[in-house]
Amino acid sequence: MPMYDRGKVLTGLAIFVVVVTFPIWYNLVHAQHVPVPLLPKDVKQCVGKVDYMRTSHMELLNTWRDEVVRSENRKVIEVGGKQYVKSLQLGCMTCHPDRQKFCDECHTYAAVNLFCWDCHFQPKEKK
Amino acid sequence: MDVKRRNFLKIAGLSAVAGLGVPSAFHHLFDDAALAATHGEEHGAGAAEGKKEAGGHGGHNAESTLFQYGMVIDIKKFAEHKGLAEKCVSACHSEHNVPDFGNPKDEIKWIWVDDYEHGFTGYSQNKTKVGLNDLPVLLTCNHCANPPCVRACPTKATFKNEVGVVVMDFHRCIGCRFCMAACPYGARSFNWRNPREQYANGNYKFYKNGINPNYPTRMRGVVEKCNFCPERLAVGKLPACVEATGNTKAMVFGNINDPKSEIAQVLNSNFTIQRNPAAGTKPSVFYII
């Protein structure tokens, strides 16, 4: 069967394929760097295992918040002989003082907006 | 078949009577028993509901907690120590990063100074002691035993905790301001402006330019008020305002439901009044006038 307007059809198809796959090859060229959150150098442990902290830190923070604010349960958490205050500002940020390199590194990459800092102070934000 | 008009009307009339009469007759015959049963059930349900309301959380008379933090404010002591009341306000507002926009419309206050006349509007102002209205009276959240703001809050952002403090959970506040309408003491302030507003030099517009990096601010659209410093009580300190009074005993803080506590003894040995007692809120802040 003869193909009418073969040149136009094939060119059109080629342009279509290029446009549709644009996001794929664009990201191949302009790939964002995989985030590497800055971990504290001299501290080797956290309140939870790495995998748990990586996937569920937000749940832990919400639990802490509800316990402290709503249940008046401010019991200090002890892991491996070290005591941790149940607090973002006074707990987490003592070991992870750099918000840009620890929090925003991944949160910007994942496009998950944080609202912690609307109210809580970050360590460097003294003035 | 040939139906005469006369016969048709007869049959139609009889059918209508039968159609209307028979079901109602059935009702009478069979539903009497069933009806009685449902009525009984309804009555039972009603009684159970009534019981729940009386003992439950939403009633107009919330049960008082076993532990109730409270405060006694001695106005005479504040009269003796000039500037002490302002010192208390300053201590609180600096501790909690309360913004100061220099504008009464946007004012945020956790504790503030007013006079007897405006603090105790329910009491007779006729022939009061000369000079009484010149004395500073510290006003703050009364941490009522029966708090109307808690009932008004649709998100439970404000609630009464187990030590009797009416706490604000700023995370949960949606800024509806029902609590402000419910509070008869004007103890709640709304953040019309961003509390993190800065001057041109980068300083926050906080009270007296102080900043406490260990305490968070609030955000725009959130209601705030005195919380009796739970973060300080947790580490064994007194609330900031009470600490500011030092050894003057102008403010006494403690569990008013414990007869052995200092505050209970102060309450027992002095005549005290509360703000707007007729509102039935059972305030936990007492005044020695």
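In chain B, strands E2 (residues 111-114) and E3 pair antiparallel over 4 bridges. The model is predicted. Chain B holds 9 helices and 9 strands, and 13 residues of chain A are in contact with 16 residues of chain B.

- Ile111(B) stands opposite Thr140(B) in E3(B).
- Strand E3(B) spans residues 137-140 and is covered on both faces.
- Val137(B) and Leu139(B) are buried on one side of E3(B). Leu138(B) and Thr140(B) are buried on the other.

**An open sheet in chain B**
- Three strands form this open sheet, in the order E8-E1-E9 (chain B), with mixed pairing.
- Strand E8 (251-255) and strand E9 (285-288) of chain B are the edge strands, and each pairs on one side only.
- From one strand to the next, the twist averages 20°.
- Helix H9 (residues 262-269) of chain B packs on the sheet and touches E1, E8 and E9 of chain B. The direction of H9(B) makes about 115° with that of E8(B).
- Strand E1 (residues 69-74) of chain B runs parallel to E9(B), and 4 bridges join the two.

**Chain B overall**
- Chain B has 289 residues, of which 33% count as buried.
- Among contacts in chain B with a separation of 6 or more, 68% come from residues 24 or more positions apart.

**Where chain A touches chain B**
- The contact involves 13 residues of chain A and 16 residues of chain B.
- On the chain A side, helix H3 (50-70) and helix H4 (88-95) each supply at least two residues.
- H3(A) gives the largest share of that side, 3 residues.
- By class, the chain A side has 4 nonpolar, 2 polar and 7 charged residues.

**Domains and confidence in chain A**
- The domain assignment gives domain 1 (1-31) and domain 2 (50-118) of chain A.
- The centres of these domains of chain A, taken over C-alpha atoms, are 48 Å apart.
- Chain A averages a pLDDT of 89, and 98% of the residues score at least 70.
- Among the elements of chain A, helix H1 (residues 6-20) has the highest mean pLDDT (95). Helix H2 (residues 22-29) of chain A has the lowest (88).

- Glu72(A) is not a glycine, yet has a positive phi of about 55°.
- Glu72(A) lies in the loop between H3 and strand E1 (77-79) of chain A.
- Glu72(A) counts as partly exposed because it has 15 C-beta neighbours inside 10 Å.
- Lys156(B) also has a positive phi, near 60°, in a residue other than glycine.
- Lys156(B) sits in the loop between helix H5 (148-152) and strand E4 (158-160) of chain B.
- Lys156(B) has 10 C-beta neighbours inside 10 Å, so it counts as exposed.

Notes:
Residues numbered from 1 in each chain as written. Chains lettered and ligands numbered in written order. Predicted model: local features only at pLDDT ≥ 70, side-chain atom pairs only at ≥ 80, totals over all residues. Pairing = 2+ DSSP bridges. Axes fitted to C-alpha atoms, helices over the stretch in contact; angles between N-to-C directions. Contact = placed C-beta atoms within 7 Å. Buried ≥ 20, exposed ≤ 12 C-beta atoms within 10 Å, placed from the backbone. Domains from an automatic or database assignment. Nonpolar A, V, L, I, M, F, W, Y, C, P; charged D, E, K, R; others polar. pLDDT = per-residue confidence, 0-100.
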